[in-house]
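Subject: Structure handover

Hello,

Here is the structure I said I would pass on. Please open it and keep it beside you while you read.

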Amino acid sequence: MEDHKIENIELKYLTVDDFEELKSATLESYGGVLNSYWKKQHIQQLTSIFPEGQVVIKIDGNIAGCALSLIVDYDSIDDNHTYADIIKGDSFKNHDPDGDILYGIDVFIKPEYRGLRLGRRLYDYRKEICENLNLKGIVFGGRMPNYHKHKALTPKEYIEKVKRKEIHDPVLNFQISNDFHPVRILKGYLEGDTASNEYAVLMEWDNIYYTKKTKVASTVKTVVRLGLIQWQMRTYNSLEELMQQVEYFVDSVAAYRSDFALFPEFFNAPLMAKYNHMHEPDAIRELAKYTQVIVEKMQQLSISYNINIITGSMPELIEDKLFNVGYLCRRDGSLERYEKIHVTPDEAKVWGMQRGHKLNTFETDAGKIGILICYDSEFPELSRLLADEGMDILFVPFLTDTQNGYSRVRLCAQARAIENECYVAIAGSVGNLPNVNNMDIQYAQSAVFTPCDFSFPSNGIKAEATTNTEMILVADVDLSLLRELHSFGAVKNLKDRRKDVYDVIRVKE
């Protein structure tokens, strides 16, 4: 545009009063092609049936650009439709206020105002409409104005070269840079578009905030409150005493309206003091006899205190084999079991602990979660499989005796948060148990970790407890920020994986 000072830029709804100026701006933008502009009755109809979908950008009071759109029920649109099919001979009968997709039918910027990123403003406005109206996304047929220069290429080959920056296409380059992706080629889309050889690319933008409409009440949350219990190892004379302490902590985090309570690995180990005269493998098998009772009591607590409880882990005997397991006690009363896949050399040597095989994500009323017990967090393949299933939060109950061991768990947990674009919560025990063999001292600093991007703490630490101190840690995590990260992060760890070179797969049982 000419070099002169711009005093005011504003985005406004289009009105019928703008018709004459809009007509002039359209002709100027489309090179003076006759019949390239909308008639007055079209503008009147569009602004009547969907006023918020028709906008103009004005610079110092003059129209500089325009964007027109409809809402359509996308399932009713043929995959290989044309532009005429969408506007229905200018009748706009496809507009459906109860539809699920915003369909762009026109957008332009006057030549003198190009280069000011005004097109981005129009597209950003359309994205806001989608989010505000809870639509799945935006769709439109994108022209390929430079395709006529490369007719030796198929449309697919042309698009691939545009994406690789081997060919410059002003329309496709702009749309791709604004987070739109090609879906399919539309043949004969716009009659008379010789520059594109009448081809178009169906472009799509997905609204990551879209929630499917339902007729039943939904309790799924976006901001989730985590309650981590940094458990003090101390002597308990009975199971009842230990469960009183468990209930005390559940009550404490529930009082803050936490959605989850996370206990550490082997938090019930103090009960082994009664069997300290036995060999270690025999003592822990005695401890395993308490597991079912503890789980039942925690299941009752989850209902009573309206909180999802992750029981940390406990020993469990199955067909005389010892496993390290835990349970998810949902506040609706349901119960899920998880196992430690990788046991440490010490667990195997001293206790005869067996390796588990179950690896699952769990649906909850506060997002999809994964649970890995301590050492399992040090194997990135496990959490990657859970991330592929849509995990939002990874919980890691752990038990470490030295700072070295703790650092392994902590640093690996932070890596899991970054590489899987999820939240990771770790909870451990502190203190010492002088009357329990193989459980002498504990070192812990419970924490909540995040990805490292603009919407999160720069160091990836949402909250952390005081080292080696009995306490609770309560922290909020926003699941909607993860959705945003998956699509718009500075880097996209999940999307950018080279599955053509490598992959992580489950072994079939």
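First, a term you will need: a residue is buried under 20% relative accessible area, exposed over 50%, and partly exposed in between. F174 has 26% relative accessibility, so F174 counts as partly exposed. Please bear in mind that this is a predicted model.

**Overall picture**

The protein has 13 helices and 22 strands. Its radius of gyration is 30 Å, while the globule rule gives 23 Å for 509 residues, so the protein is more spread out than a compact globule. The C-alpha trace spans about 95 × 50 × 45 Å along its principal axes.

Of the 509 residues, 51% are buried. The protein exposes about 24300 Å². Carbon and sulfur atoms supply 48% of that area. Take the contacts between residues at least 6 apart in sequence: 70% of them join residues at least 24 apart.

**Aromatic rings**

A pair of aromatic rings is described by two things, the distance of the centres and the angle of the planes. Rings count as a pair if their centres lie within 6.5 Å. By this rule there are 21 aromatic pairs.

One of them is Y123 with F174. Their centres are 5.1 Å apart and their planes are at 75°, so this pair is edge-to-face. The pair links distant parts of the chain. Y123 is in helix α4 (residues 118–133). F174 is in helix α6 (residues 170–177). How accessible is Y123? Its relative accessible area is 3%, so Y123 is buried.

Another pair is F260 with F395. Here the centres are 4.9 Å apart and the planes are at 50°, so the pair is tilted. F260 lies in strand β9 (residues 260–262) and F395 in strand β16 (residues 393–397), so the pair ties together parts that are 135 residues apart in sequence. F260 has a relative accessible area of 0% and is buried. F395 is buried too, at 0% relative accessibility.

There is also an aromatic cluster. It is formed by W231, Y236, Y248, F249, F263 and F267.

**Charges over rings**

Y123 comes up again here. R126 lies over the face of Y123, 5.8 Å from the ring centre. The charged end of K39 sits over the ring of Y37, at 4.7 Å from its centre.

Next, look at H95. It is in the loop between α3 (83–87) and β4. Buried or exposed? H95 has 13% relative accessibility, so it counts as buried.

What does H95 touch, if residues up to four places away in sequence are not counted? The answer is I49, F50, L70 and I71. Two polar distances stand out for a check on screen. The side chain of H95 reaches the backbone oxygen of I49 at 3.3 Å. A polar atom of the H95 side chain also lies 3.1 Å from the backbone nitrogen of I71. As for S69, it is 26 residues from H95 in sequence. In space, the two are 9.1 Å apart, C-alpha to C-alpha.

**T361**

T361 is found in strand β14 (residues 361–364). Its relative accessibility is 18%, so T361 counts as buried. Leaving aside neighbours within four places in sequence, T361 is in contact with K368, I369, L386, E389 and M391. With E389 there is a polar contact between the side chains, at 2.8 Å.

**Two backbone angles**

Most residues other than glycine have a negative phi. Two residues here are worth a look on that point.

R117 is not a glycine, yet its phi is positive, about 60°. R117 is in the loop between β4 (101–109) and α4. It is exposed, with a relative accessible area of 61%.

N468 is not a glycine either, and it has a positive phi of about 55°. N468 lies in the loop between β21 (461–464) and β22 (471–478). Its relative accessible area is 35%, so N468 is partly exposed.

That is the handover.

Best wishes

Terms used. Residues are numbered from 1 along each chain as its sequence is written. This is a predicted model: local features need pLDDT of at least 70, side-chain atom pairs count only at pLDDT 80 or more; totals for chains, interfaces and linings use all residues. Side-chain values use heavy atoms; hydrogens and water are left out. Rings of Phe, Tyr and Trp (its six-membered ring) pair if their centres lie within 6.5 Å; planes under 30 degrees apart count as stacked, over 60 as edge-to-face and the rest as tilted. Helices (H or I, at least four residues) and strands (E, at least two) are DSSP runs, numbered from the N terminus. Buried means under 20% relative accessible area, exposed over 50%, partly exposed in between (1.4 Å probe, protein chains only). A charge sits over a ring if NZ of Lys or CZ of Arg is within 6 Å of the ring centre and within 35 degrees of the ring normal. The radius of gyration is taken over C-alpha atoms; the globule rule is 2.2 Å times the number of residues to the power 0.38. Contact means heavy atoms within 4.5 Å. Accessible areas come from the Shrake-Rupley method with a 1.4 Å probe; for residues, only the protein chains shown count as cover. A polar contact is a pair of N or O atoms within 3.5 Å; within protein, one must be able to donate a hydrogen and the other to accept it, and residues adjacent in sequence count only if both atoms are side-chain atoms.
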